[in-house]
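Here are a few notes to read alongside the model.

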Amino acid sequence: MLSSLGGTQRCFWAIVLLALILFLLAGLLHVDVTMFSPLFGDQAEGPPITNVMFLKTHKTASSSVLNMLFRFVETRNLSVALPAGSRVHLGYPWLFLAHYVEGVKQDGAQQRFNVMCNHLRFNLPEVQKVMPNDTFYFSILRNPVFQLESSFIYYKDYVPAFRNAENLDAFLASPLTYYNQSLSLRNAYAKNNMWFDLGYDHNAPAEENYVRARLAEVERRFQLVLMAEYFDESMVLLRRRLRWRLDDVVSFRLNARSQRSVTSLTPEGQERAKRWCALDWRLYQHFNRTFWAQVHAELSPLRLRVEVARLRARRRELMALCLQDGGPKDKKQITDLHLRPYQSGKADILGYNLRQGLDNQTLQVCQRMVTPELQYMARLYAQRFPEKPPKDISFLEA
Ligand SMILES: Nc1ncnc2c1ncn2[C@@H]1O[C@H](COP(=O)(O)OS(=O)(=O)O)[C@@H](OP(=O)(O)O)[C@H]1O
């Protein structure tokens, strides 16, 4: 008896000693001990967050995020705040009102939704009428120089301020020649568009106190502000916060222009873009800082690398599995009209053809990943509101 007790004790101390040695070694070799925690596998701690509001800013990789959210909604049969009637957006560019959502009555909303992610101009009190109190709010920003360049090409024929400018450099050399402030709503895409999407005045002067107050407001409301330039790092952080599975945050690049329709600004033009969109530039700089502060607070550099690599590997796997020739196609090459994204302005927007011969289950997974925003929204709408006239998206076939 005594000797077996002694044996147990020896065994206990041996384990303690071994653990201590491993811990010291990990410290000496700078090994990240959190690497061995459950998230390293595909198991998050706690149930996934299912009440989510994504502020879909313009030309910021937001369609790739929306696709992920629509897939999450569809595969888990969650409720989603879809545009009412024949609308394709939630009232944009007007400030959001609750009754822009299908099924919500004008006299005060009773219904709450799990997910809201279509384009809208943020208006917190109205959003709160349709989203539960514990909703996770997030959004995405992009360097305004590239956001504006993407916007200029995409909205060239639609935005009055862009119509007569030969190119973006010419516009930025003399913006007030083209930009009429009184056409504020239609010109929203031409100046501080992300600031506008957040619900603020995009023509306001970038005065320090005003800017700081708005930045603090955004920080209070949005638990996470992602960066399009660091899309994969953004997905890693988002997945941790939402406690979602890896596949839930893997997406293909949607709504991208072909190289042919991308232009580049001169260095002078880039500086002018920062001054013209001074509010967006402040917004981007601020949230770029807070984004990286959050990444570094939650993940060691090694762990971040590992998780980004896993995400990329899974994306490559799905691209090889789903896509004809493993990559995007330009608009003329897309054979299935349901998969051809909306084409706008001078942009040639890329889409995808699916590989032939996929089995039914794989086909469904792949189809979801390549379905463009409008088609996906129309499909969810028809599923959720079979008694209502379907969304008319026949303009996509033109
Ligand atoms: N994963 C990922 N990483 C980085 N960038 C990405 C990604 N997905 C989309 N994009 C780029 O985002 C631009 C389209 O943005 P949006 O989808 O927000 O546009 S829209 O406002 O909904 O029309 C568009 O930018 P441009 O190609 O410069 O126009 C896309 O290429």
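1. Around the ligand there are 20 residues, and those that come nearest are Lys56, Ser62, Ser63, Ser150 and Arg257; to be near, a residue needs a heavy atom within 4 Å of the molecule. Bear in mind that this is a predicted model: local features need pLDDT of at least 70, side-chain atom pairs count only at pLDDT 80 or more, and totals for chains, interfaces and linings use all residues. Numbering runs from 1 along each chain as its sequence is written, and side-chain values use heavy atoms, with hydrogens and water left out.

2. On the polar side, a side-chain atom of Ser62 sits 2.6 Å from a ligand oxygen, and an N or O atom in the Ser150 side chain is 2.7 Å from an oxygen of the ligand. Thr60 brings a polar backbone atom 2.9 Å from a ligand oxygen. The protein covers 91% of the 650 Å² of accessible area that the ligand has on its own (Shrake-Rupley method, 1.4 Å probe).

3. Which helix gives the most to the shell around the ligand? Helix 2 (residues 62-75) does, with 3 residues.

4. Arg315 is found in helix 13, residues 301-322 (helices are DSSP runs of H or I, at least four residues). Arg315 counts as buried because its relative accessibility is 15% (buried is under 20%, exposed over 50%, partly exposed in between, with a 1.4 Å probe and protein chains only).

5. Lys331 lies in the loop between helix 13 and helix 14 (360-370). At 25% relative accessibility, Lys331 is partly exposed.

Key:
Helix = DSSP H or I, 4+ residues; strand = E, 2+ residues; numbered from the N terminus. Polar contact = N/O pair within 3.5 Å; in protein donor to acceptor, adjacent residues only side chain to side chain.
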